Each structure stands twice: as C-alpha cells, then as structure tokens.
Amino acid sequence: MDFKNPFVIIFIAGTLFKFLLDTILEFIDYKFRQKHGLEIPTELEGLVDGPTLKKTCAYENANYFSGIPYSLLSLALTFALVFSLYFVFCYEKSLSMANGNSYLTILLFALFVSIPSIILSIPFELYDEFKIEKKFGFSNMTLGMWLLDQLKSLVIGLVLGVPLILVAVALMNHIEHWWFFLGSVYIAFSLAVSYIYPVLIAPVFNKFTPLEDGELRERLFALLEKCGFKASGIFVMDASRRSSHSNAYFTGFGKNKRIVLYDTLLKQLTTDEIEAVLGHELGHFKKHHIIKRMCVMFPLIFAFLFAAWLLIKIPSLYSGFGFKDIDFNGFEVKGFSGSTAAIFEEGKSIPATLQYVGIYLLSLIFGGFGPIFSLISNTFSRRDEFEADKFAVTTCAEREALVSALIKLNKENLSEIQVPTIYSIFNYSHPPLLERIKAIKACHGNQFCVPLPGKSV
C-alpha cells in the first residue's frame with residue numbers, strides 16, 4: 001500500500017468520513033429520542049399514546065445498539081481487506097483459475113471480493129430478524145423461510161447479474177469508448193427488470209391475488225379512472241407471512257403496471273384511509289415524479305461511467321492499492337508478458353479484467369462519499385412526498401383520512417414521529433410524520449381536524 005497515493009488518501013478519508021458521519025448522526029438521533037421520544041406534539045394530542053411511543057423508542061434503540069458493532073466491524077473489515085491486499089490476491093487467484101479467460105476471471109473476482117462482507121452481515125441479519133423483529137411482534141419468519149429467501153435472492157442475483165457483468169467485460173474487451181454503450185445497456189437492463197419484476201420476480205417471494213370485489217375495490221378503481229391511471233390490476237400481497245410491517249406501492253410500467261397492497265395494510269386501515277394512501281401514490285404519477293427522476297438519473301449514469309472510463313486509465317489507481325506488479329504471463333495481452341506497471345509504461349491496452357478491477361476500486365474509493373449524494377437525493381424525494389400528499393388531499397381524498405392513515409402506519413411500524421433535522425436530511429427519503437401532518441394541515445389553511453367520531457387511530 002502506498003499511503004501517499006492520492007487515491008488511497010481519498011479512500012481513507014471517504015471511508016472515515018462515512019463512518020464518523022453515520023456514527024454521529026445515529027448518536028444525535030439516539031440522544032434526541034431519549035429527550036423527546038415520549039413527548040406528544042400538540043398536533044398529535046389524542047392521536048398517539050404513551051405506550052406506543054415507549055415501544056417505538058425501545059424498537060429504535062434496539063436497532064441503534066445492534067448497528068454499532070456492525071458498523072465498527074464493517075469499518076475494520078474494509079480497511080483489513082484493502083491493507084492486506086486481499087483484492088490483489090482475489091484478482092491473481094481469479095486470473096490463474098480462469099487461465100486468463102477474461103469473462104471467468106471477472107466472475108470469480110466478483111465472487112471472491114463479495115464473500116467477506118456476506119459472511120460479516122449474516123449474523124447481524126439473523127439477529128435483527130429473529131431477535132429484534134420477533135421481540136417487537138413484526139417477524140413471522142422461520143429459519144427455513146429465511147434460508148429459502150436467501151437462496152432465491154442468490155439465484156435471481158446470479159440470473160440478472162452475471163449477464164450484465166459478461167456484457168460489461170465484452171464491451172471493455174472490444175470497444176474503446178465502452179462507457180457510452182455500457183450506460184445504454186444498463187439503462188435498458190434496468191427498464192427491462194422493472195417491466196418483468198411484477199410478473200416474474202416478485203411472485204418468487206410472495207403470492208399476489210387480485211383485490212376482492214367490494215366497496216374498496218370499486219372505490220379504488222374509480223379513483224384510478226378519475227386520475228387517468230391505467231393499471232393491470234390491484235393486487236394484495238401476502239406480506240404477513242414474513243412480517244406485520246405494512247405498505248403499498250406501484251410497480252412495473254406499461255401493461256405490467258400494477259398496484260400492490262400489503263394484506264397487513266388492509267387489516268390496519270379503513271376504506272377511506274386506503275383510498276387516501278392510493279391517492280398519495282397517484283400523486284407521484286400525476287406529478288410525473290418517476291419520469292423526472294429518470295431524466296436526472298440517466299444522464300448521471302453516463303456521467304459516472306465516463307468519469308470512471310477516464311480514471312481507470314491512471315496508473316496510480318492500481319499501484320496505490322497493490323496492483324502494480326501483477327504478472328499476466330501472457331494473459332489477455334497478445335504478445336505481451338509482464339506486470340501491470342509495464343502495461344502503462346509501454347502504452348499497452350489495459351486488459352478488460354483490469355479495467356473492471358479499476359471500476360471496483362473506484363467504488364471503494366468514492367463510496368464513502370455516498371451520504372452527500374443521499375442528502376441531495378433525499379431532499380428531492382421529500383419534496384416529491386410533500387407534493388404527493390398535497391395532491392391526495394386536494395384532489396382525491398379527505399385530509400382527515402390521509403392524516404389518520406399516516407398515523408396508523410407510523411404506529412404499526414413503530415416509526416419515530418419526529419427526528420432531528422440533520423438526521424432526517426441524510427437518512428429520510430420520506431418526511432417524518434410530524435412534518436407531513438403540518439404540511440397537510442397547511443394545504444387547506446385551517447385548523448387540524450381530529451378523525452371523525454368512531455374512527456380508529
């Protein structure tokens with residue numbers, strides 16, 4: 001390792017920045033919860049109760065204390081892998097096992113570098129699922145179900161990921177300006193996955209059944225027609241098989257576009273409240289939030305890949321992390337047998353496998369600055385959520401119904417009703433409950449209305 005190398009310096013700085021920022025933010029939220037977690041804001045008097053807030057604080061604290069050792073061990077593991085030149089070992093081993101075949105080399109490299117983090121995460125995932133989630137009445141998972149889900153995820157990940165990696169290697173092998181073509185392939189691939197997800201991928205994990213005939217179905221379809229939203233149907237997902245957490249979402253596009261309601265949601269909310277929740281989701285559609293996000297993300301994908309294409313040509317990117325003296329023994333570079341350093345010194349073409357390694361190193365180097373991008377992304381996401389709420393209460397639902405639905409979902413999921421602003425802007429893609437209710441109140445410019453008599457909250 002060359003600790004004077006600029007890429008190494010950026011890597012260390014970014015990794016420590018993310019660790020310290022996450023640690024400080026979680027501690028700020030924890031102290032805020034200790035001081036204000038049991039307080040009932042004026043806007044929520046009579047709508048939330050002390051026992052629920054106490055349980056919420058306990059649940060959030062359990063997740064907080066569980067995350068501390070994982071965060072520390074993850075930091076230690078990252079530095080240990082880099083400083084021990086583990087990734088160099090993975091590359092040399094993969095190159096040797098694949099006998100220089102670029103496609104097999106990268107598949108093996110991708111497998112080897114992922115193993116340590118997977119091993120580290122497994123005990124924490126098991127603890128969170130079978131200790132914390134079960135303790136607070138959320139998890140209905142059995143060990144057999146958990147293992148089967150992991151296997152399914154692995155198989156689907158391989159089915160989707162391996163072809164994408166092979167295409168990337170092929171482009172790097174044969175096209176100089178591969179960044180543009182890889183960006184195009186990635187966007188097309190993402191759209192294709194979004195299209196098939198509702199009908200081929202999601203059913204692997206859950207059962208989806210059409211919403212039964214009745215008042216709810218009639219009102220929801222009437223709302224869809226009113227908003228001009230064409231969907232292949234409204235489906236109920238058997239989420240309760242695994243967890244009592246509740247949600248609703250849109251998925252897919254084109255003729256595979258559908259609305260999904262968790263079965264737990266149907267048990268927790270009234271017809272008016274479910275209609276209000278759907279109205280919020282339709283707000284995202286009517287305000288073109290998804291399309292706007294695509295218009296931002298697609299150019300960014302090309303920009304990031306172009307930047308990566310430029311950076312992986314810099315020799316110090318590899319030398320700083322121990323890849324200076326890789327001996328190819330004639331692999332991949334016709335008529336050439338030498339080290340990585342010699343490739344750059346003699347102006348040889350960079351092997352596709354080394355380019356892939358360069359991209360992986362860049363993800364390590366700049367990954368620590370992810371919170372900055374999260375801050376920007378969350379800012380726009382929260383703006384969209386406020387806008388969708390406003391659409392729901394001004395166009396297609398009663399304000400009281402949306403407010404009571406949000407309160408119920410917040411209570412059922414044991415989510416905090418208010419958090420420090422600095423914590424929210426880095427970690428919340430949705431505004432905290434209290435902020436949403438204040439904004440909904442402002443939509444009509446009158447006083448906050450409690451739910452109608454007889455309505456459960």
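Let me start with a term: buried means under 20% relative accessible area, exposed means over 50%, and partly exposed lies in between, using a 1.4 Å probe and protein chains only. Helices (H or I, at least four residues) and strands (E, at least two) are DSSP runs, numbered from the N terminus.

Now the ground rules. This is a predicted model, where local features need pLDDT of at least 70, side-chain atom pairs count only at pLDDT 80 or more, and totals for chains, interfaces and linings use all residues. Residues are numbered from 1 along each chain as its sequence is written, and side-chain values use heavy atoms, with hydrogens and water left out.

Strands, then. Take S2, residues 234–237.

What does S2 pair with? Two strands pair if DSSP finds at least two bridges between them. S1, residues 208–210, runs antiparallel to S2, with three bridges. Here Pro210 stands opposite Phe235. S4, residues 258–262, is parallel to S2, over four bridges. There Met237 faces Tyr262.

On to the helices. H13 covers residues 352–367, 16 residues. The expected span is 1.5 Å times one less than the number of residues. For H13 that gives 22 Å, and the end C-alpha atoms are 22 Å apart, which agrees. Its buried residues include Tyr356, Leu361 and Ile365.

Next, two single residues. Contact here means heavy atoms within 4.5 Å. Thr56 sits in H2, residues 50–83. Thr56 is buried, at 5% relative accessible area. Beyond four places in sequence, Thr56 contacts Leu414, Ser415 and Glu416.

Tyr103 belongs to H4, residues 102–135. Tyr103 is partly exposed, at 28%. Leaving out residues up to four places away in sequence, Tyr103 touches Leu166, Val169, Ala170, Asn173 and His174. Its C-alpha atom is 9.2 Å from that of Val167, 64 residues apart along the chain.

Last, the surface. There is a nonpolar patch with about 820 Å² of accessible area together, and among its members are Phe17, Val296, Phe304 and Phe380. H10 (289–311) and H14 (370–396) each supply at least two of the patch residues. Phe304 lies in H10, and is partly exposed at 47%.

How is such a patch built? Members have over 30% relative accessible area and no salt bridge; like charges are joined within 9 Å, nonpolar side chains (Val, Leu, Ile, Met, Phe, Trp, Tyr) within 5 Å. A salt bridge is a side-chain nitrogen of Lys or Arg within 4 Å of a carboxyl oxygen of Asp or Glu. Accessible areas come from the Shrake-Rupley method with a 1.4 Å probe; for residues, only the protein chains shown count as cover.
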